[in-house]
Amino acid sequence: MSAVTDPQDNNGIALTEAQKKARRNRSIAIAICLGLLVVLFYIVTLVKGPGVLNRPI
Amino acid sequence: MSMQSQTARLTSPLSSGNAGARQGSLKGSPNDPSLASPRDYFELLKPRVMSLVIFTALVGMVVAPGHIHPVIGGIALLFIAIGAGAAGALNMWYEADLDAVMSRTMKRPIPDGRILPGEVLGFALFLAVFAVVAMGLLVNVLSAALLAFTIFFYAVVYSMWLKRWTPQNIVIGGAAGALPPVIGWAAVTNAISLEPIVMFLIIFIWTPPHFWALALLRTEEYARAGVPMLPVVAGERETRRQILLYSIAMAPVGALPYLLGYTSALYGVVSIAGGLWFVMSAFRLRNAPAGDATVKAARKLFGFSILYLGVLFAVMLADRLLGLSVGQMPWYVTWHVTW
């Protein structure tokens, strides 16, 4: 079975090295932010307890 | 002639309604793959403005009665900072065409072509929604609602409506910059009372003389960009008069926390002396001869205004941390907003 390929891949936009580097840096920054958020929400759950989302409206 | 009609006579090289950023007339094409770096995104958050927001919100939190877990307090500050950053990014997205013609702002990421307007809009909206929702879930709903209102007020009411429409733009728009200590207070108490409103008033009434002093130094640029700042519309003389009037009104407001009896004599001395110095600086600016002397006096007032506000809030903070303040005012009135 052949792999599913996007027909535009061959004719689409080819990134320059600078664009690839910028994209890689942005991806790393997003990964770091997501990792920090995981830690943050974990700590908040410890602080506030399991009922963190239970609140009177 | 009214200021409004004078505003209408302003000529601008820019099209009305800010078509620049959104229609891609700035550097960079919306079809080009992005070259934006994480630093460009960070710059969109206006870090210097953000630091002032964090500081005033921290003061609001520290002087509030009651207790907040340090972790939750830190998280509240983080989300306030992210919300302020989102508002700053929305402002940069909408004002990219103005930024491109002003020397102070032309190196910002959008006019400099380092980031695309669409990227900025998506980034800013995501941060705004995230900050408000997380604040509501992890801190309390009142502070989240205040944060949402602040972002809306700065991005929509000030940036999109007031700024290009009226010379009173920064008078009314100053409310957005004055709200962070109220949000900080609400994060701790889940309520709003007189003290945070006084803090709000201090920043609110401080904003016009602060920004008009800056506007006096940038009058030509604002005129070229078509922004109806007071010196552009009403002239230098009237602006100097308004700065003096607002400074006279601001000095007693700055001393209100002492006059109402809930800060120490240290705050009283600092706020009264600072207020008098502020009024004297405004008076010197009012009487300065046109030309270099006015520029010098405006620059001095602008610099002092930053120092004045920073010191007032720092003393408020020290007051509470060192236990100098005498507590809440005797006729303390609180109206709790329960959510």
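**Exercise 1. Which domains does the domain assignment give for chain B?**

Before we start: this is a predicted model, in which local features need pLDDT of at least 70, side-chain atom pairs count only at pLDDT 80 or more, and totals for chains, interfaces and linings use all residues. Residues are numbered from 1 along each chain as written, chains are lettered from A in the order written, and side-chain values use heavy atoms, without hydrogens and water.

Step 1. Domain 1 of chain B covers 38-192, and domain 2 covers 194-328; such bounds come from an automatic or database assignment.

Step 2. For contact (heavy atoms within 4.5 Å), domain 1 of chain B contributes 32 residues and domain 2 of chain B contributes 30 residues.

**Exercise 2. Find the area buried between the two domains of chain B, and the residues that supply it.**

Step 1. Take buried area as the accessible area (1.4 Å probe) that two parts lose on being put together, summed over both. Between domain 1 and domain 2 of chain B this is about 2900 Å², with 76% from carbon and sulfur atoms.

Step 2. On the domain 1 side, B:M102, B:P167 and B:I170 supply 19% of the area buried against domain 2 of chain B, more than any other three residues.

**Exercise 3. Count the salt bridges between the two domains of chain B.**

Step 1. Look for a side-chain nitrogen of Lys or Arg within 4 Å of a carboxyl oxygen of Asp or Glu.

Step 2. Between domain 1 and domain 2 of chain B, the count is zero salt bridges.
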